[in-house]
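Here is a set of questions and answers for reading a structure. Keep the viewer open and follow along.

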Amino acid sequence: MKSIGRLTLVRQTFPMPLNTTQRCVKHNHRINTSLCDPKNPKAQQLEITNRYIYDTVLLLANTFHRKLEDRKWHSMASLSCIRKNSKPWQGGKSMLDTVKKFGVSGLTSFLEFTDNGTNPNIFFEILGTNYGEDRGRGVSRLATWDPVHGLNGTLTDRKLENNMRGVVLRVVTVLEEPFVMVSENVLGKPKKYQGFSIDVLDALANYLGFKYEIYVAPDHKYGSLQPDGQWNGLMGELVFKRADVGLSALTITPERESVVDFTTRYMDYSVGVLLRKAERTMDMFACLAPFDLSLWACIAGTVLLVGILVYLLNWLNPPRLPMGSVSSTTLYNSMWFVYGSFVQQGGEVPYTTLATRMMMGFWWMFALIVISSYTANLAAFLTITRIENSIQSLQDLSKQTELPYGTVLDSAVYDQVRSKAMNPFERDPMYSQMWRMINRTGGADNNVEESKEGIRKVKYGRFGFVWDAAVLEYVANNDDDCSFYTVSNNAPDRGYGIAMQHGSPYRDIFSQR
């Protein structure tokens, strides 16, 4: 059976006499009024388990009382918890027969057992929050059930007829690819729209026979609750009854459901993030990128300075040379020797003086540190593109802090991340980390006013845009430069629905289609 209601629940009922005296006095015992009076707060908070525990103890006490009155009590002297060879108690079967033979009237109505051990006095009622043309809004009893009569009622709303012929609905929307897009904009004529949500609306219009007039929300926003308690955007148009239907990439949220009605979801919704692919450019001077230009200038100056010092030390204290050999200690050779040792290629001119060797020892130590730093920075520079593309899930995004990301301020996504980060009943560590980045400096730095602005920030800067996964996938697949990629949460969080005025008679008609 199908139920169109938003929520259907089953609860057990306990029929009680209307007279208070009859409710609290059960045969030969009296129940405290705090438990038997349905108007008493303690009785209202009493759980079903506690009711059955009370009646079970009452049933056992009644059984013991009857056995004592009949003088058929079986002694328990032979029973022992220590000796393993103790004989079974002979009164067990007799006690069980007495329990089945006599019932007791307690907090769960009349408690008794049949031969097969079941309680025939169990009653259930089925409640639903649905409404239709034959029911008012709110919670109503759909059916009852008991072991004798079975199900009494129906869980299916009366099928509503196609009674929208001749009806013209005023539809408010927000442009959001691929749900709602302008297909034709001719001066002097009404704009024509296309998209997934428009296709859904057209299918409903063709089936139900209604017509519609569509317009974009004046502020181009979905709407949020303002500090003065009023709603703006698409939601405000419905709240102030300027529109009959709200349609776009509109997600069903508890805050929105408190002021408007939604149809059943027509598509699952999940959060995703839009990222820019790392650029792979060829640069013939990429080998110089690990160090700044100023650092390269300092290294070149250091080579010149050390070469001059080596030349001066050898000029002031020339090395001893074999007979007949000619000294080659020139400035050029000194420079070449220092440069060769810096790039770890050695030198051609031997220097044997103590001062020169001490100078070269410090120079080699300096060269070792510089070359090691250069190698480490070059490895990091060559792998930076792979680091940027390593974000493959929302968990990866939340764990890093190098790439800033955000969403549309005061949007449904913004509220969802905040709720899952702040609400203790649905707190998620991943969303808590995301909220710290999104809410940095009060949300002013990393958030945007509309989705198009967020997409532009991703395309022309280092930014991640958190938004509806379906919208972001469409943007990534239709980008001319193929510069985007998306990651999303695979588990659907909510759903897309069609919003209507609070109490709209068309909600069930749309939902049943």
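Buried means under 20% relative accessible area, and exposed means over 50%. The model is predicted.

Q: Is V172 buried or exposed?
A: V172 is found in strand β9. Its relative accessibility is 0%. The cut-off for buried is under 20%. V172 therefore counts as buried.

Q: What separates the C-alpha atoms of V172 and V216?
A: Along the chain, V172 and V216 are 44 residues apart. Beyond its neighbours within four places in sequence, V172 contacts residues including Y215 and A217. The C-alpha atoms of V172 and V216 are separated by 5.6 Å.

Q: What is the order of the strands in the open sheet of five strands?
A: Strands of a sheet pair through backbone hydrogen bonds, either parallel or antiparallel. Here the pairing is mixed. The edge strands, each pairing on one side only, are β12 (211-216) and β14 (260-262). The order is β12-β9-β13-β21-β14.

Q: Which residue is the bridge partner of G246 in β21?
A: Strand β13 (residues 245-247) and strand β21 (residues 499-501) run antiparallel. Two bridges join them. The partner of G246 is A499.

Q: Which helix packs on the sheet, touching β9, β12 and β13?
A: Neighbouring strands of the sheet are turned by 30° against each other on average, direction ignored. The helix that packs on this sheet has a direction at about 160° to that of β12. It spans residues 196-208 and is α6.

Q: Within what arc do the buried residues of α5 fall?
A: In helix α5 (residues 92-101), M95, T98 and V99 are buried. Seen down the axis, they line one face of the helix, because they fall within an arc of 100°.

Q: Which helix do the buried residues of α5 pack against?
A: On the other side of α5, K93 and K101 are exposed. The buried residues of α5 have a helix partner at 48-69, namely α4.

Q: Is the pair F210 and F510 stacked or edge-to-face?
A: The structure holds 13 aromatic pairs. A pair of aromatic rings is described by the distance of the centres and the angle of the planes. For F210 and F510 the centres are 5.5 Å apart and the planes stand at 20°, so the pair is stacked.

Q: How many residues apart in sequence are the parts that F210 and F510 tie together?
A: F210 counts as buried at 4% relative accessibility. F510 counts as buried at 5%. F210 lies in the loop between α6 and β12, and F510 in helix α18 (residues 507-511), so the pair ties together parts whose separation in sequence is 300 residues.

Q: The charged end of which residue sits over the ring of F463?
A: The charged end lies 4.2 Å from the centre of the F463 ring. The residue is K457.

Q: Buried residues make up what share of the protein chain?
A: The protein chain has 18 helices and 21 strands. Of its contacts with a separation of 6 or more, 66% come from residues 24 or more positions apart. The chain has 513 residues, and the buried share is 39%.

Note on methods. Residues are numbered from 1 along each chain as its sequence is written. This is a predicted model: local features need pLDDT of at least 70, side-chain atom pairs count only at pLDDT 80 or more; totals for chains, interfaces and linings use all residues. Side-chain values use heavy atoms; hydrogens and water are left out. Two strands pair if DSSP finds at least two bridges between them. Helices (H or I, at least four residues) and strands (E, at least two) are DSSP runs, numbered from the N terminus. Axes are lines fitted to C-alpha atoms, for helices over the stretch in contact, and angles run from 0 to 180 degrees between N-to-C directions. Contact means heavy atoms within 4.5 Å. Buried means under 20% relative accessible area, exposed over 50%, partly exposed in between (1.4 Å probe, protein chains only). The arc is that of the directions from the helix axis to the C-beta atoms. Rings of Phe, Tyr and Trp (its six-membered ring) pair if their centres lie within 6.5 Å; planes under 30 degrees apart count as stacked, over 60 as edge-to-face and the rest as tilted. A charge sits over a ring if NZ of Lys or CZ of Arg is within 6 Å of the ring centre and within 35 degrees of the ring normal.
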